[in-house]
Amino acid sequence: MTRLEVCRGDITKLEVDAIVNAANESLLGGGGVDGAIHRAAGPELLAETRRLGGCPTGEARITKGYRLPATWVIHAVGPVWRGGNANEDNLLSSAHEHSLRLAAEHGVRSIAFPAISTGVYGFPKERAARIAVGTVRRFLREREHDLERVIFCCFDESCVRAHEQALEEAGEEFETWRAG
Ligand code: ADP
């Protein structure tokens, strides 16, 4: 059984096998959680992502975590919100699914997701949380993996509530905790 958790805190501090980055297609860093991850990981991370040559929206790429407590960083590119009729839901789900596939391929046992696309990219929080939770549940049910913990890491309380609500609606048991 994989444990589902909601955590309020800074994803760069989490001691897990893999953290997911809400990256952009260039993979060259940016603001928000992306900037925080690059700062905490150190310049070696940018050197590695430069070699990857970008990543299309809806996909993900994996690198080492360098100075982060996490061993791996999975750089997922979520969609920019354009009003809801530009395939945003599928692209957000696909970004989560690709991340989980990479995690499974690397034997990851614990993974933390930020609320991809809900910052600068403007995706509505509740809708994004339902998609994140739904995609994780389907993956855990249908695919082979070693995942023991999946953490939804939220920076603010409204994000925590959105994930708690999505998990409750899905009838999942989960635990909420605060980091630091
Ligand atoms: P996007 O461009 O995909 O919208 P952002 O980084 O702007 O990405 O925001 C994604 C989410 O990450 C937002 O909910 C934001 O509050 C959150 N966030 C920002 N910094 C951190 C952090 N250090 N740890 C966890 N979540 C963070």
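Searching the whole structure turns up 1 cavity of 30 Å³ or more. Here a cavity is a set of points, on a 1 Å grid over the protein atoms alone, where a 1.4 Å probe fits but cannot get out. The structure is a predicted model, in which local features need pLDDT of at least 70, side-chain atom pairs count only at pLDDT 80 or more, and totals for chains, interfaces and linings use all residues. Residues are numbered from 1 along each chain as its sequence is written, and side-chain values use heavy atoms, with hydrogens and water left out.

The largest cavity holds about 30 Å³ of space, a volume being the space filled by probe spheres set on grid points that are joined across faces, edges and corners. Its lining (residues with an atom within 4 Å of a point) consists of Glu-126, Arg-130, Ala-162, Gln-165, Ala-166 and Glu-169. Helices here are DSSP runs of H or I with at least four residues, strands are runs of E with at least two, and both are numbered from the N terminus.

## The largest pocket

Now to the open spaces. A pocket is an open set of grid points with protein on both sides within 12 Å along at least five of seven lines. The largest pocket contains about 610 Å³ of space and has 27 lining residues, with Ala-22, Gly-32, Val-33, Ala-115 and Gly-119 nearest its centre.

Which element gives the most to this lining? That is α1, with 4 residues; β2 (18-23) and β6 (149-154) also supply at least two each. By class, the lining has 14 nonpolar, 9 polar and 4 charged residues. In this scheme Ala, Val, Leu, Ile, Met, Phe, Trp, Tyr, Cys and Pro are nonpolar, Asp, Glu, Lys and Arg are charged, and the others, Gly among them, are polar.

## The ligand and its neighbours

The ligand sits in the largest pocket, meaning that more than half of its atoms lie within 2 Å of the pocket's grid points. Around the ligand are 14 residues, and Asp-10, Val-33, Ser-117, Thr-118 and Gly-119 come nearest; a residue counts as near if one of its heavy atoms lies within 4 Å. Helix α1 (residues 32-41) contributes the largest share of this shell, 3 residues. The shell has 8 nonpolar, 5 polar and 1 charged residues.

Some polar contacts (pairs of N or O atoms within 3.5 Å) can be picked out. A backbone N or O atom of Ile-11 is 3.0 Å from a ligand nitrogen. On the oxygen side, a backbone N or O atom of Ser-117 lies 2.9 Å from an oxygen atom of the ligand, and a polar side-chain atom of Thr-118 lies 2.9 Å from an oxygen atom of the ligand. The protein covers 89% of the 570 Å² of accessible area (Shrake-Rupley method, 1.4 Å probe) that the ligand has on its own.

## The second largest pocket

This pocket has a volume of about 250 Å³. Among its lining residues are Met-1, Arg-3, Glu-5, Arg-137, Arg-141 and Phe-174. Two or more lining residues come from each of β1 (3-8) and α4 (125-142). The lining divides into 4 nonpolar, 1 polar and 7 charged residues.

Terms used. Polar contact = N/O pair within 3.5 Å; in protein donor to acceptor, adjacent residues only side chain to side chain.
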